[in-house]
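I opened this notebook to record, step by step, what I looked up in one protein structure.

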Amino acid sequence: MNDYNNPVSHGAETDVGLRSFMLGTYRYMAMAMAVTAGVAFFVGQAIIANPNLLGLVYNPVVAIASFFIIVFGFGAVGRKLPSMSLGGVLAFLFGFAAFMGVLMSAYAALYNPMIVAKIFFMTVAMFGALSLFGYTTGFNLNAIIKYAAAAFLGFIIIGFVGMFVPALSIVGGGTFAIVMNVIALAAIAAITAWETQTLKRIYYGSVGNPEMMKKLSAFGAASLLLAFINMFSILMNLFGRE
């Protein structure tokens, strides 16, 4: 009997392929996260040895420039993905991971390591649950993503304003900061679930093109890493103070 004419067999093969694609994406993400953590640690140690470096890494100009670099980088790679080599996409993934490590170095330099570890595992649990939801839900998350994206963009803009207007800071312990971070956490939660669901759609649209699937997996890992880092940063804002 020809298995290709058996819908049950074909569906099972598709599910196995999807699981392999998703596991490959999370594998890339884990490797990139290790790069981020390593760079954050070493840059953090440099900041401890020379506190003047902190002002070079953490200032409004760097923060705003970093936002546009990330947006431009993802946009440029996303447009050129079909013509890029797998090596080029992986270079983007790990280069992006290293860049984020520099931006995350203050956590290694200024925060209690036990608190950072606690928030990290909290983020892992939350991210895992949301990814699982995005993977299994039958609800089309496209219906809510535009609201989540708008809310998170608003959070970023307020964060920039707060660098110049302390009353609007999102990193303080006041009521305003807590409310903004809770809203942002809800937004990034929705974005994380949506990105996972989108990866499933991407897989089904690229079946039969193994090279493209690998590139999409690496690019998806970069998007998920960004969501994870944003989630971690928000949880640090909410629960990272001693």
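The entries below follow the order in which I looked things up.

**Entry 1: the whole chain.** I noted before anything else that I am working with a predicted model. I then looked up the secondary structure of the protein chain, and found that it comes to nine helices and zero strands, so that from the N terminus on I could write the elements down as α-α-α-α-α-α-α-α-α. Next I turned to the radius of gyration, which is 19 Å and close to the 18 Å that the globule rule gives for 242 residues, so the protein chain is as compact as a globular protein of that length. Along the principal axes, the C-alpha atoms fill a box of roughly 70 × 35 × 35 Å.

**Entry 2: burial and contacts.** I looked up how much of the protein chain is buried, and 43% of the 242 residues count as such. Among the contacts with a separation of 6 or more, 86% are accounted for by residues 24 or more positions apart.

**Entry 3: H6 and H9.** How do helix H6 and helix H9 pack, and at what angle? I found that H6, residues 113-136, and H9, residues 210-239, pack at an angle of about 130°, with their axes 9 Å apart. On the H6 side the contact is made by residues including Ile115, Ile119, Phe120, Phe127 and Leu130, and on the H9 side by residues including Leu224, Phe228, Met231, Phe232 and Phe239. Sorted by class, this contact has 16 nonpolar residues, one polar and one charged.

**Entry 4: Gln197.** I placed Gln197 in helix H8, which covers residues 175-206. Is Gln197 buried or exposed? Its relative accessible area is 7%, and because buried means under 20%, Gln197 is buried. Leaving out residues up to four places away in sequence, I listed Gly134, Thr137, Phe139, Asn140, Leu141 and Asn142 as the residues that Gln197 touches. For one of these, Leu141, I also looked up the spacing: its C-alpha atom is separated by 7.6 Å from that of Gln197, although the two residues are 56 residues apart along the chain.

**Entry 5: Ser223.** I returned to helix H9, where Ser223 is found. Ser223 has a relative accessible area of 18% and is buried. Apart from its neighbours within four places in sequence, Ser223 is in contact with Phe74 and Glu195.

Key:
Residues numbered from 1 in each chain as written. Predicted model: local features only at pLDDT ≥ 70, side-chain atom pairs only at ≥ 80, totals over all residues. Heavy atoms only, no water. Axes fitted to C-alpha atoms, helices over the stretch in contact; angles between N-to-C directions. Helix = DSSP H or I, 4+ residues; strand = E, 2+ residues; numbered from the N terminus. Contact = heavy atoms within 4.5 Å. Nonpolar A, V, L, I, M, F, W, Y, C, P; charged D, E, K, R; others polar. Rg over C-alpha atoms; globule rule 2.2 N^0.38 Å. Buried < 20%, exposed > 50% of the residue type's maximum accessible area, 1.4 Å probe, protein only.
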